[in-house]
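Hi,

Here is the structure I said I would pass on. Have a look at it first, and my notes on what turned up are below.

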Amino acid sequence: MCVPLALGANARAAAQWTVRATGVAVVMRHRVDAGYGIEPSSGAGVGAELVVGNGDRLAVRLLAQTGSLDADGPGAVDRDVAEVGAELDVVVLPWLTAQAGVRRRTYSTVLARQRWTTLHVGAELRLPFTETGVSGIVSGAVLPGVWVNGLDQPDLAFAVASGMEYRRGRASVAVLYGVERYRFPAGARPSRREQMAALALKVGWSVTR
């Protein structure tokens, strides 16, 4: 009699859906070196994430973010940034999550609009520091597909991030610092290196049904 009851309880637990909505505030630093010196810019943005998970193993993450970058040096120009994305998270171990997704980013200036589409594959390590809900987070990803209008595909593209998160009940607060780097090969034009760094504050709330 106990076995069917246990199986039924496990099935109900596995069928639970968790929805987490997160607000994001971010400070960004952008650098481009297209062979004529570094063009730095910086600014701030806001965004939102929605994570929908089924049980403890699988989750889909949707995100949107917008902001502005102001020129910080000669050659740089002011630009607006907008980004949307989708990601699949698979929990491999309690502390390790495999991730894969796609993002679409647009840089807009008074002169032109540059569109980026990226595919990423990576992993996130979550290490609990204490029993009070504080965890350290380290993540990394390679970007095997990067398409930018007007540029060839980069021969090097990766992203890394680290930070801390505090969870208590349904609420969560996280601070994360991430860096993306791209190296475009030389061809008809000089080689190009580009970097986006961001410090993000995330405040979330989850509901389980």
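Arg192 and Glu194 are joined by a salt bridge, with 3.0 Å between their closest N and O atoms. For a salt bridge, a side-chain nitrogen of Lys or Arg has to be within 4 Å of a carboxyl oxygen of Asp or Glu. Arg192 and Glu194 are both buried, where buried means under 20% relative accessible area, exposed means over 50%, and partly exposed is in between (1.4 Å probe, protein chains only).

Before the rest, a word on how to read this. The model is predicted, so local features need pLDDT of at least 70 and side-chain atom pairs count only at pLDDT 80 or more, while totals for chains, interfaces and linings use all residues. Residues are numbered from 1 along each chain as its sequence is written, and side-chain values use heavy atoms, with hydrogens and water left out.

Back to the charges. The structure has 13 salt bridges, and some share partners: Glu49, Arg61, Glu87, Asp89 and Lys202 are joined that way into one network. Another bridge pairs Glu83 with Arg105, at 2.8 Å from N to O. Glu83 belongs to strand S4 and Arg105 to strand S5 (residues 96-108), and this pair links parts of the chain 22 residues apart. (Strands are DSSP runs of E with at least two residues, numbered from the N terminus.) Are Glu83 and Arg105 buried or exposed? Glu83 is buried at 8% relative accessibility, and Arg105 is buried with a relative accessible area of 8%.

Then there is Asp72, which forms a salt bridge with Arg29; their closest N and O atoms are 2.5 Å apart. Asp72 is in the loop between strand S3 (58-71) and strand S4 (79-93), while Arg29 is in strand S1, so to speak a link between distant parts of the chain, 43 residues apart. Asp72 is partly exposed at 38% relative accessibility, and Arg29 is partly exposed too, with a relative accessible area of 35%.

Now for the rings. Searching the whole structure gives three aromatic pairs. Rings of Phe, Tyr and Trp (its six-membered ring) pair if their centres lie within 6.5 Å; planes under 30 degrees apart count as stacked, over 60 as edge-to-face and the rest as tilted. One of the pairs is Tyr107 with Trp116, which is edge-to-face at 6.1 Å centre to centre, with 75 degrees between the planes. Tyr107 is buried, at a relative accessible area of 3%, and Trp116 is buried at 2% relative accessibility. Trp116 also pairs with Tyr182: the centres are 4.8 Å apart and the planes are at 65 degrees, so this pair is edge-to-face. Why does the pair tie together separate parts of the chain? Trp116 lies in strand S6 (residues 113-128) and Tyr182 in strand S9, so the parts it ties together are 66 residues apart in sequence. Tyr107, Trp116, Tyr182 and Phe184 make up one aromatic cluster.

Leaving out neighbours within four places in sequence, Val146 is in contact (heavy atoms within 4.5 Å) with residues including Trp116, Pro154, Ala157 and Tyr182.

Last, the strand pairing, which takes at least two DSSP bridges between two strands. S6 and S7 run antiparallel and are joined by 12 bridges; they form a hairpin with five residues between them, and Gly133 in the turn has a positive phi of about 100 degrees. S7 and S8 are also antiparallel, over nine bridges.

Cheers

Key
Helix = DSSP H or I, 4+ residues; strand = E, 2+ residues; numbered from the N terminus.
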